[in-house]
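I set out to record how the parts of this structure pack together. The entries follow the order in which I looked things up.

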Amino acid sequence: MKKNYEIIVYGRGGQGGKTTAELITQAAALKEKYVQSFPEFGPERSGAPVRAFVRIAEEPIKTHQSVQEADCILVLDETLLETDKLKSDLSDYFLERGVMVVNSKKTKQEIKSKFSGKLEVIVVDATGLAEKIVGESRPNVVILGKFAQTTKIVDAEDIMTVFRSKYLPKIGEDKTEKNIEAIRQSALSEEV
Amino acid sequence: MKNKQIKKAITGGFAVGEAIRQINPDVMAVYPITPQTPIVEYFAQEVADGNAYTEIIPVESEHSAMSACIGSAAAGARSMTASSSQGIMYMMEMLPIASAMRLPIVMAVSTRAISGPLNIHGDHSDAMAMRDFGWIQLFAESVQEAYDNLIIGTKLAEKALLPVAPNMDGFITSHSVENVEIMTDQAVKEFVGEYQPTQTLFDFNEPKTFGAIALPESYFNFRKQVYDAMQEAESKFLEIVSDFEKISGRKYDLVESYQLDDAEKVIVAMGSTCGTIKATVDKLRGRGQKVGLLKIRLFRPWPVEAVYQALKDVEQVFVLDKNLSFGTSQVLAGNVEIALKRPINSVVYGLGGREISEEEVEKIFTGEVRSFLI
């Protein structure tokens, strides 16, 4: 039995994967969980594949190694599904019982067919929702609605609370509310 | 009595910035460098928002940052800065001047590799480069310890009349979000107290000279005073952490012994890797292996007696250095050998931010990895 629930967020440099990880972490901390999140410490190039890691636990987290056996993988850019790096992170543990949340317009079956194993694939068109509601093609926050609703690791409400307190002073009322609406719709979105 | 504390999930950089805001120093000299930047980014915002009254001096280089700290500290101001790597290399000329002038400057360090080749990631090369300059050096395993060490370090600097560098691991701690308990502003302010400089340039009743030339008849004596002050800093640190425990509930010592009581194999390390080693020790203990960790919190002054007491009965000692000395033994390894007066196993790891996994820690315990975890 693993002590920590572990997540890897896959994105491209500049897409905000680090923010995705931090929002999950801080939402879990609202429920008095022990948490840890950190970005992959690699080259900081726009567009380069980057990972961010999250741990959530009932006991203090000691380790500082990167996540070796993820329980959940969030993919902000589906072109990353074809990369060797992502494939090398698909441990036997993950392929047997992991959850993969993918930002894509494709169907669940199309994505699932790329992998062997019992992993659960969840699809949400986070970019589409972000474009429609916020007017920006940034999926990194919107994907969290679906993530929260399907995994139940954090509450979508807590994600919204953390987002509001963090970003209201930075992006203003209008954009904050639009993002929150997009998180809500992402949580309610039906998979195809 | 333990005070009320606020639970947050923030990065090490922001936690250290928050500690500086709570202390509200008179002067903060700032110059950006990765991975220190989040400290000053956070703190400058707080000053701009009116949550601290510090005079921020945006200097044009780290050499000037340390010079500004030395000048303001000599004038009687509680003075701080933050830096990493090349920044520390660039201010190096000023570092032993700060200690020789007995100025209680605090410099928060996010440790990072030094060039070349150019690398922005975390190791301890910068901290090790300043180890013989009369600076007290603390190392943090976690965001919580980074926050606490900044507060403890401020009080220690002023008690010991020596500059203090609280170190946290660049990126691994400075850029990671972890749970942290933040004390109230009131509790922090009362703990560090109002700064009362003992000697200042502005004492017009008893005018003094700071930083004068010292020729052969006095130079040695000045340097010896720094040596003596450093020797005395250890007991001052112990008094301060004992007071700190009363208000925070968090107990600290010169070193931290983890599963050492019956341990046959022990790793000695500093910084965030200690967490990964603890996780590995838990795993191996679960399989009945008698392994443990000795974590060094206070690196300068070197707690020679505490290290000896912790390790004297241990069969095999492995010392991890996140820094590489060329043509000689490694720094931490050499220091442990001095304490134990017997050979240990020295392993260099993590240079330029190379990750160390629990599996690799296990291989150090088994002796599969020798000298270099490369």
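**Entry 1, domains.** I am working with a predicted model. I looked up the division of chain B and found domain 1 (5–248) and domain 2 (255–372). Their centres, taken over C-alpha atoms, are 27 Å apart. To the contact between them, domain 1 of chain B gives 26 residues and domain 2 of chain B gives 20 residues. On the domain 1 side, helix 6 (125–129), strand 6 (136–139) and helix 9 (219–248) of chain B each supply at least two residues.

**Entry 2, sheet.** I then traced an open sheet of six strands in chain B, with mixed pairing and the order 9-11-10-13-14-15. Strand 9 (255–258) and strand 15 (371–372) of chain B are at the edges with a single partner strand each, so one side of each has no neighbour in the sheet. Strand 10 (residues 265–269) and strand 11 (residues 291–296) of chain B run parallel and are joined by five bridges. In this pairing, B:Val268 has B:Leu294 of strand 11 as its bridge partner. Helix 10 (residues 273–286) of chain B packs on the sheet, touching strands 9, 10, 11 and 13 of chain B, and its direction makes about 165° with that of strand 11.

Not counting residues up to four places away in sequence, I list among the contacts of A:Leu74 the residues A:Ile7, A:Val101 and A:Phe147.

Terms used: Residues are numbered from 1 along each chain as its sequence is written. Chains are lettered from A and ligands numbered from 1 in the order in which they are written. This is a predicted model: local features need pLDDT of at least 70, side-chain atom pairs count only at pLDDT 80 or more; totals for chains, interfaces and linings use all residues. Two residues are in contact if their C-beta atoms, placed from the backbone, lie within 7 Å. Domain bounds come from an automatic or database domain assignment. Helices (H or I, at least four residues) and strands (E, at least two) are DSSP runs, numbered from the N terminus. Two strands pair if DSSP finds at least two bridges between them. Axes are lines fitted to C-alpha atoms, for helices over the stretch in contact, and angles run from 0 to 180 degrees between N-to-C directions.
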